[in-house]
Amino acid sequence: MLCFRMTSLSELLRKAVSKLMSSTSVDEKTLNEFIRDIQRSLLISDVSVELVQKISENIRKRAVQEKIPTGLSKKEHLLKILYDELVKLIGEEPARLDLPKDRRYVLMMVGIQGFGKTTSTAKLAYYLKKHGYKVGVICADTYRPAASIQLEQLLKDTGIPVFKADGIEDVVEIVKRGVEKFTSEGIKTILIDTAGRHKSQETLMEEMKKLQEAIKPDEVMLVIDAGIGQQAGAHAEAFHKAAPIGSIFLTKVDTSAKGGGALSAIAVTRARIKFIGTGEKIDEIELFDPVGYVGRLLGLGDIKGLIEKFKLAELEIDEKQAEAFMRGEFTLEQFVKQLREIRKTGPFSKLLSRLPIPGLPNVPEEVLRNAEKQIEKWDAILNSMTPEERANPHILNSSRIKRIARGSGTSERDVKNLLNQYRMMKKFMKTARRLPKKFLPT
Ligand SMILES: Nc1nc2c(ncn2[C@@H]2O[C@H](COP(=O)(O)OP(=O)(O)OP(=O)(O)O)[C@@H](O)[C@H]2O)c(=O)[nH]1
Ligand SMILES: [Mg+2]
């Protein structure tokens with residue numbers, strides 16, 4: 001039983017990914033196995049059957065129908081599809097801080113004991129204060145004797161007030177008084193830290209329900225420990241029934257590489273992860289970024305590099321033009337246009353790594369660096385040229401260069417610089433052409 005629980009979604013996904021990566025080729029059998037592995041991983045993590053079906057159908061359809069983007073191998077393409085589908089499930093957009101500042105906003109933190117509610121409440125309060133909110137925290141945990149002391153301790157250097165009502169047993173009464181007090185002091189953003197331990201799970205849920213009904217918080221945030229696996233789904237469901245979950249705070253991301261539980265919680269509540277906790281300290285909190293999370297889930301080491309590669313792969317490249325470019329057949333105008341296109345996607349060198357010549361590190365770095373800095377000027381220079389000059393840059397003598405510099409508001413050196421870079425690139429491409437034929441695009 002324990003064994004089963006320990007196998008986290010992340011471990012299963014990573015296994016599926018490494019199996020795919022070590023396969024010799026991606027044929028139908030490999031694809032089927034890969035999809036089956038993914039299905040199994042998701043199902044074990046309590047992701048609903050319909051959702052699993054949808055994801056696997058999408059993976060299959062895309063794997064069969066999509067053209068493999070230039071620069072990606074078949075395996076990487078499949079990995080990209082899986083990655084896309086998981087990001088879609090978790091939420092494509094990074095979380096945003098969207099709490100209103102101009103009206104009262106009551107946010108109730110709920111979750112199982114020890115998952116990090118109190119810590120996360122303090123972190124969130126501090127985070128909100130730093131972002132210009134006037135924040136107060138109510139301690140509504142009457143079960144843990146030191147709960148309010150823990151909150152005060154965490155918040156002691158922040159100036160954020162903690163409301164506690166010693167001697168009052170009824171949590172609803174405590175919260176009501178706290179909200180009243182903060183409201184009278186002009187504090188609009190009010191966080192409630194609730195109990196995680198109780199006589200039993202049932203009485204805990206009853207308390208959450210009572211709070212929900214009496215206080216009607218604007219948002220209920222479920223705190224989940226990133227280290228728990230499939231039980232997260234059941235926990236989330238129990239809380240969700242008592243008080244509809246609006247968002248999720250995923251804690252201890254720093255100590256756990258597993259993290260499948262979050263997926264289950266999302267699947268059950270349909271709530272999005274808003275924040276993650278990345279350490280024990282009060283400032284170790286981040287807005288959630290699905291891209292990094294999915295990367296971690298899949299165990300993709302250099303996720304940033306790979307994602308950049310994925311992004312580049314999405315960029316449509318006109319293959320005919322790229323081929324001509326590679327043969328060194330391009331006009332000055334095409335040269336600048338290409339560089340401009342490339343710039344949109346990030347560093348030039350990254351795009352060049354997509355050109356189908358292995359080992360292209362010799363591309364004149366200077367051209368790339370220059371282009372990144374100069375491209376605006378280069379556009380102006382091009383605009384000041386006649387069509388004839390653009391098509392035949394070799395006719396540019398010093399008097400033409402002078403005229404162009406004046407016309408474009410640049411210097412003669414700038415114009416010469418562009419011409420030099422252009423020639424350098426052309427020369428480089430012609431040299432690259434002498435590489436063995438198999439390295440060139442066919
Ligand atoms: N490494 C790490 N530890 C964390 C994080 N968040 C919380 N913790 C630790 O987890 C432990 C439990 O945190 P609490 O905030 O007391 O948990 P709780 O949910 O309020 O617990 P109860 O009040 O008993 O329900 C503490 O030792 C925290 O320091 C995190 O993001 N990273
Ligand atoms: Mg607590």
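**Burial, pairing and ligand contacts**

Mentor: Asp37 touches Ala16 and Lys19, leaving aside residues up to four places away in sequence. The model is predicted.

Trainee: What makes these pairs contacts?

Mentor: Contact requires heavy atoms within 4.5 Å, and Asp37 meets that with Ala16 and Lys19. Asp37 itself sits in helix α3, residues 28-44.

Trainee: Why is Asp37 called buried?

Mentor: Its relative accessible area is 12%. Buried means under 20%, so Asp37 is classed as buried.

Trainee: What makes β1 and β4 a pair?

Mentor: Pairing needs at least two bridges. β1 and β4 (residues 189-194) have 5 bridges, in the parallel sense, and Met108 stands opposite Ile192.

Trainee: Why do Thr118 and ligand 1 count as a polar contact?

Mentor: The cut-off is 3.5 Å between N or O atoms. A polar side-chain atom of Thr118 is 2.8 Å from an oxygen atom of ligand 1. For Asp254, a polar side-chain atom is 2.8 Å from a nitrogen atom of the ligand. The protein covers 87% of the 650 Å² of accessible area that ligand 1 has on its own.

How values were computed
Residues are numbered from 1 along each chain as its sequence is written. Chains are lettered from A and ligands numbered from 1 in the order in which they are written. This is a predicted model: local features need pLDDT of at least 70, side-chain atom pairs count only at pLDDT 80 or more; totals for chains, interfaces and linings use all residues. Side-chain values use heavy atoms; hydrogens and water are left out. Helices (H or I, at least four residues) and strands (E, at least two) are DSSP runs, numbered from the N terminus. Buried means under 20% relative accessible area, exposed over 50%, partly exposed in between (1.4 Å probe, protein chains only). A polar contact is a pair of N or O atoms within 3.5 Å; within protein, one must be able to donate a hydrogen and the other to accept it, and residues adjacent in sequence count only if both atoms are side-chain atoms. Accessible areas come from the Shrake-Rupley method with a 1.4 Å probe; for residues, only the protein chains shown count as cover.
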